[in-house]
Amino acid sequence: MHQMTSEQAIARLGKRPPVAASKLLGSEPLEIDAARSFARMAFLGKAEFCTAQGVLHGGFLSAMMDEAMAIAATAAKNFDYVVPTLEMKTSYLAPVPPGRLIAEGQVVKAGQRVVYLEGKLFNTEGALAATATATAHFRKALWK
Amino acid sequence: MTAPLSGPAALLRRQQQHDRGPAARLLGHQLTAMDTALGTVEVEFLAAPHLFNPLGMMQGGFTAAMLDQAMVDAVTALTDLQYHVVMQAMQCNFLAAIGPGRLLCRASMLRQGRSTAFVEARLFESAGELAATATAVTALQPAIPH
C-alpha cells in the first residue's frame, strides 16, 4: 500500500467526526508518520487543567499522551479503527506549568487486535516531563 | 450559623473544603466520604460529554485523571492535610467503557512511608459496574500552609 505523507495523514484525521475530548485538550496534529506509526501532537495546557498549586493535573497529561498514542495506533491502520485503551502506566517526571505542550505517541508493536504503545510529553521548554506505556485494542470505526 | 461539627463529620468537612483547583472541577469532583480506620475515601465524578471520545464514551485519559485525583485525595485526607501529595507514577486498567453519568471512585491508601505512600483506586460507572482500577506511588512533600 502506498504510504500517506504526514500532510495526507493529518488531512485524513481531520475528516473524522469532531471529538469532544480532543477539543477540550486543544489537540493539534503536527506530524503523523504512518510508516513509522508515530504521531507528534500539540496540546494546550490550560489554566482550567491545573491543580490548586497552579501546575497541570497529572491526569490531563495522561489524557494528552493517551491521545497521541491513539493517533499513532490508528495511523498504523489507515485511520479505519478506534483504539480504546486497555491499560496505561504513566510516570510524572516533573511538574508541568500551563502552556503549549508537545506529546508524542509511538507504536511499539501492533498485532491483529492488540497494540502496544509508548508516549512522551514535553513541557513548554521542550524538556521531557512525563512518559507512558499503554496497551490498546483495535475496534472498527463507526465512520468511513 | 450552624453548630460546629465534630468527629468524623468535621474531618470530612475539612477535607471537602480543601482547594483542589480547577482540574478537579472539570471532572465534576466531589469528596463524599472518608473512613480513617479503613484508610479509604469515596469520591464522585461526573462523566460528561466534554470528556468523551468518538465512541461517545469517556476518553481513557480522563478516566485516568479521575483515578489520579481520587488517589491523591485519599493520601491527602488520610494524612490529614499534613502533606502536599504529588503523583509520581500510576498504572490504570480500563475494564469497561464509561458512558455519561455520576461515577463513584473508592481509593485506599495501602502503605504510608516517610516520603512516599502507596495507593489504589476503583472506579464504578453509574450502574455500579466496576469500570477502571489503578495503583500508584505518591510523594509526600511538606504541606504549603493553608
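The points below take the interface, then the sheet.

The model is predicted: local features need pLDDT of at least 70, side-chain atom pairs count only at pLDDT 80 or more, and totals for chains, interfaces and linings use all residues. Residues are numbered from 1 along each chain as its sequence is written, chains are lettered from A in the order in which they are written, and side-chain values use heavy atoms, without hydrogens and water.

**Interface**
- In chain A, 34 residues are in contact with 32 residues of chain B (heavy atoms within 4.5 Å).
- The two chains bury about 2,500 Å² between them, 65% of it on carbon and sulfur atoms (accessible area, 1.4 Å probe, lost on being put together, summed over both parts).
- Zero salt bridges are found across this interface (a side-chain nitrogen of Lys or Arg within 4 Å of a carboxyl oxygen of Asp or Glu).

**Sheet**
- Twelve strands form an open antiparallel sheet in the order S1(A)-S2(A)-S5(A)-S6(A)-S7(A)-S4(A)-S3(B)-S6(B)-S5(B)-S4(B)-S2(B)-S1(B) (strands are DSSP runs of E, at least two residues, numbered from the N terminus; two pair if DSSP finds at least two bridges between them).
- Strand S1 (28-33) of chain A and strand S1 (30-35) of chain B stand at the edges, each with a single partner strand, so one side of each has no neighbour in the sheet.
- Between the chains, S4(A) and strand S3 (residues 83-94) of chain B pair in the antiparallel sense over five bridges, with B:Cys92 as the bridge partner of A:Met88.
- Within chain A, strand S2 (residues 38-45) pairs with strand S5 (residues 99-110) in the antiparallel sense over eight bridges, and A:Leu44 has A:Arg100 as its bridge partner.

Terms used. Helix = DSSP H or I, 4+ residues; strand = E, 2+ residues; numbered from the N terminus.
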